[in-house]
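Subject: Structure for you to look through

Hello,

Here is the structure you will be working with. Please open it first and keep it beside you while you read the notes below.

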Amino acid sequence: MSDFEKKILDYKNKLNTTKDLEEVESIRAEIFGKNGFINLEFKKMGLLSVEEKKNIASNINKAKQELLEIFKIKSSEALDKDLNEKIKKEKIDVTLPEHEFKVGKVHPVSQVIDEISCIFSEIGFTVEEGPDVESEYNNFTALNTPENHPAKDMHDTFYLDENMKTLLRTHTSPVQVRTMLKGKPPFKIIAPGRTYRSDSDQTHTPMFHQLEGLHIDKDITMGHLKGCLNYFIKEFFEVEKIKMRFRPSHFPFTEPSAEVDIGYRVEKNKIIIGEGDQWLEILGCGMVHPNVLKNCKVDPKKYQGFAFGIGIDRLAMLKYGINDLRSFFDCDYRWLNHYGFDPLDVPTNYRGLSK
Ligand code: DAH
């Protein structure tokens, strides 16, 4: 065996016994560096004849290729070993308790829905839900809304097909229809949810929230409606006395219809609810139109009742002093942190709604 072959064998043995990346790299420098073994061997050839040069150069190149191949395997082995050690050290025990615990906040809209559900459940209402994507029939026709009613206008309603048969519900009132069609009277429900209209400014967003109420039974009167809403508003604003008025209005699905305003005044830039000489509209209501009852397979001669529709976002703004509706839907964590509610402090009638 020549000296050259012996040296190459030494390097191969050395490489085979090491697993350390640093050592592999130092051997690489020793062999392939500027003044490394391979270059020195090439330099030595200067004095030889052409025939000898050819022979030796081919031997050196062969050894070089073999060594490079070994280096490739060794480097990747050493890298894997390094990585595995690093991963082992960095292992996290996910079952350990969190020491910097960040609690999320409940959005004011969810809070207000919980509060309202709580208030109505106290007087026997149950909660119903309906889909956001509705049929034109449930959203308008069954609710006695005439073909040419302005609410059906393309500018207000998001239609989902060319034939205008499916849409994003423009109000929660279609849940009245769904509830009555699937059951038998009496009905006493509320239905909170998302509603959509093509509208956007400081007090309107294309998606907003409403809460529908429906009470159908024998001998239900407008007096029951007034009593129910009076109770609700006092409970909701957590005040003893509230100034409210029913203003005659028109909705296709109720007869008679009314809008409810509550009294307020502004003191030092703050709204004081329930007193003062200014009025704020907060909901629409009325006695359910006999045509609606008929469309929902309820006999209007035997049963009647009232319905109402509340704008949830507006109530949340009023109660919690938030003045731009659009901020509700910005998903800004700082805003939520300020206006949001403690998730563990669920509103109840006996412990208080918001305190
Ligand atoms: N659906 C009406 C709206 O979006 C609100 C409303 C008014 C609902 C009167 C009712 C009602 O149930 O009786 O403007």
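Helices (H or I, at least four residues) and strands (E, at least two) are DSSP runs, numbered from the N terminus. The model is predicted, with pLDDT of at least 70 needed for local features and 80 or more for side-chain atom pairs, while totals for chains, interfaces and linings use all residues. Residue numbers start from 1 along each chain as its sequence is written, and side-chain values use heavy atoms, with hydrogens and water left out.

Backbone

N144 lies in the loop between α6 (136–139) and β3 (166–168). N144 is not a glycine, yet its phi is positive, at about 60°. There are also cis peptide bonds. One runs from P185 to P186, with omega near 5°, and P186 sits in the loop between α7 (174–182) and β4 (187–196). Another joins E255 and P256, with omega about -5°; P256 belongs to strand β7 (residues 254–267). For background, most residues other than glycine have a negative phi, and most peptide bonds are trans.

Domains

The chain is split into domain 1 (3–89) and domain 2 (108–339), with bounds from an automatic or database domain assignment. Taken over C-alpha atoms, the centres of domain 1 and domain 2 are 81 Å apart.

Ligand

Around the ligand there are 15 residues, and H171, S173, R197, Q210 and E212 come nearest (a residue is near if one of its heavy atoms lies within 4 Å of the molecule). By class, this shell has five nonpolar, eight polar and two charged residues. Here Ala, Val, Leu, Ile, Met, Phe, Trp, Tyr, Cys and Pro count as nonpolar, Asp, Glu, Lys and Arg as charged, and the others, Gly among them, as polar. At least two shell residues come from each of β5 (207–217), β9 (278–288) and β10 (304–311).

Which distances separate polar side-chain atoms of R197 and Q210 from an oxygen atom of the ligand? For R197 the distance is 2.8 Å, and for Q210 it is 2.9 Å. A polar backbone atom of F308 is 3.4 Å from an oxygen atom of the ligand. These are polar contacts (pairs of N or O atoms within 3.5 Å). On its own the ligand has 350 Å² of accessible area, and the protein covers 89% of that (Shrake-Rupley method, 1.4 Å probe).

Second largest pocket

A pocket is an open set of points on a 1 Å grid over the protein atoms alone, where a 1.4 Å probe fits, with protein on both sides within 12 Å along at least five of seven lines; lining residues have an atom within 4 Å of a point. The second largest pocket is lined by 19 residues, with S2, F4, E5, I8 and N59 nearest its centre. Two or more lining residues come from each of α1 (3–17), α3 (37–44) and α4 (50–90). Of these, α1 gives the most, with seven residues. The lining has nine nonpolar, two polar and eight charged residues.

Regards

Terms used:
A polar contact is a pair of N or O atoms within 3.5 Å; within protein, one must be able to donate a hydrogen and the other to accept it, and residues adjacent in sequence count only if both atoms are side-chain atoms.
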